[in-house]
Every structure is written in C-alpha cells, then in structure tokens.
Amino acid sequence: MALYAIGDTHLSFGTDKPMDVFGGGWTGYVERLRRGFEIVEPGDTVVLCGDLSWGMSLEEAREDFAFLNALPGQKVVLKGNHDYWWTTAAKMERFFRENGFDTLSLLHNNCRLYGDVALCGTRGWFYEEDRGEHSAKIFNRELLRLEASLKAAGDREKICFLHYPPVYQGYRCREIMDLLERYGVTRCCYGHLHGGSHRLAVSGPVGGVDYQLVSADYLGFCPRKIMD
C-alpha cells in the first residue's frame, strides 16, 4: 500500500480542449498519464490535486471521470480553479455512485484516512492577485474549509493537499501557512504551476512543513509517491 499525489490532469474527453495543442511537455499527455499510473497498485491511494477536467458540468466531465476511475488505485479528488463541473458534495457523490465511479471520493470540508494518517486539504486561493471584496470572501471561505479539514483529522499525523501553492518564489500566503503549521501538518502537496512557472516552485521544508509541487506536467504525468 502506498500514497501518491498528482494534479492538473486537464482531461477533455467530453470537450474540445486537449492540452496537446500547447505542445512541448503536454504532447500525448493522456497516454503518458495512463502509463504513469502503471506504478500504482490496486490497493494504493492517489490524491488528485485539482484541475482534473475541462468539462463545464458533471455530464461534460463524465468521460474524464470514467478515465480516472479506471486507473489503478483509489483516487481522492479535490477542487482546482478550472474545475467548473464542481457542485455540491451531495450531487457529486450521487453522480459518482450512479455512474459506478467507485474509486473516486471527495476531499471537501473533511479528511480522508490513509492508515493512521489524515489526508486534509482544499483548493486554496491566490489572494495576492485581487484583494477586492469578492476575492476576500472566497479566500476566507477557503481558510474555513481548510481548517474544517484539519480539525476533522483530530490528533492524527496530517498531510495537506492544495491546488494553489501557498508558497513559491516571491510569495507567501501566511494565513494558509500558519494554519498548516498550527495544526502540525508534516507535508503539503500542491499543483497549479505549469511550464515556465515550475521554476517558481518551492520544494522542501518551510516553517516545518515539507512542500512539494505535483502538477502533472512537472511530474512527467507519473504520480509522485508521498509515503508507503
């Protein structure tokens, strides 16, 4: 049994928005993702750190979920900034059940367990881009969701998964970083950064938390092992 993480699969089976058009590291990305998951065993867990599908609704994302569901391992899903299909937890869980997507579960205002370790997380937010009233409301809501997830973990060891990076070169989101440190999070995996932005990633310990970028194109579309 092993724990993996990968984000930003950007699938588009039900829409016409394949990432191959960007060339370079995205060429043949769907097949590379399929091959990358060959390291995952059926009993393993993979956390998918957002931006999973370009579908604008659950129905448009159905084929993308079918692809992910068929990959090896249990998949824990959190929201990214391009996951426009995202709706209420009840609707998404019902959609998964009705379509037999039994390897997919949500990380949303809760935590998931991997043995004795709690998997916590939320989307996060790039608050520094816009400090208007609307952005502040979203940011504060994400802080509440993150804290709810961390509280749900109790006294267990905690690993956090976000879509937006809380730290990268030239930027620190102190509110999120403070929550992670206060609740004793040992590791934090994040996505969102692509292409030239990879150079901005912070990988390693900051304030006692080990940060790791897990965007799919950064990992070569092969999930990163987080722990055994």
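I took buried to mean under 20% relative accessible area. The model I worked from is predicted.

**Helix H5**

I started with helix H5, residues 174-182. Which of its residues are buried? I found Ile176, Met177, Leu179 and Leu180. Down the axis of H5, these buried residues fall within an arc of 155°, so they line one face of the helix. I then stepped past the end of the helix. Just after H5, glycine 184 takes a positive phi of about 70°.

Most residues other than glycine have a negative phi. I looked up two exceptions.

Asparagine 109 has a positive phi of about 60°. I placed asparagine 109 in the loop between S4 and S5. Its relative accessibility is 41%, so asparagine 109 counts as partly exposed.

Phenylalanine 221 has a positive phi too, near 65°. Its loop runs between strand S12 (209-213) and strand S13 (224-227). Is phenylalanine 221 buried or exposed? Its relative accessible area is 0%, so phenylalanine 221 is buried.

**Asparagine 110**

I went back to the loop between strand S4 (104-106) and strand S5 (112-114), where asparagine 110 also sits. Asparagine 110 is in contact with Ser149 and Ala152.

**Cavity**

Rolling a probe the size of a water molecule over the atoms shows where empty space is left. How many cavities of 30 Å³ or more are there? I counted 1. The volume of the largest cavity is about 40 Å³. Its lining is made up of Lys79, Leu107, His108, Thr122, Arg123, Glu142 and Arg145. By class, I logged 4 charged, 2 polar and 1 nonpolar.

**Threonine 87**

My last stop was threonine 87, in the loop between strand S3 (74-78) and helix H3 (89-98). Threonine 87 counts as partly exposed because its relative accessibility is 25%. Beyond residues up to four places away in sequence, threonine 87 touches Leu58 and Met92. I also checked serine 57. Threonine 87 and serine 57 are 30 residues apart in sequence, and their C-alpha atoms are 8.5 Å apart in space.

Conventions:
Residues are numbered from 1 along each chain as its sequence is written. This is a predicted model: local features need pLDDT of at least 70, side-chain atom pairs count only at pLDDT 80 or more; totals for chains, interfaces and linings use all residues. Side-chain values use heavy atoms; hydrogens and water are left out. Helices (H or I, at least four residues) and strands (E, at least two) are DSSP runs, numbered from the N terminus. Contact means heavy atoms within 4.5 Å. Buried means under 20% relative accessible area, exposed over 50%, partly exposed in between (1.4 Å probe, protein chains only). The arc is that of the directions from the helix axis to the C-beta atoms. On a 1 Å grid over the protein atoms alone, a cavity is a set of points where a 1.4 Å probe fits but cannot get out, and a pocket is an open set with protein on both sides within 12 Å along at least five of seven lines; lining residues have an atom within 4 Å of a point. Grid points are joined across faces, edges and corners, and a volume is the space filled by probe spheres set on the points. Ala, Val, Leu, Ile, Met, Phe, Trp, Tyr, Cys and Pro count as nonpolar, Asp, Glu, Lys and Arg as charged, and the others, Gly among them, as polar.
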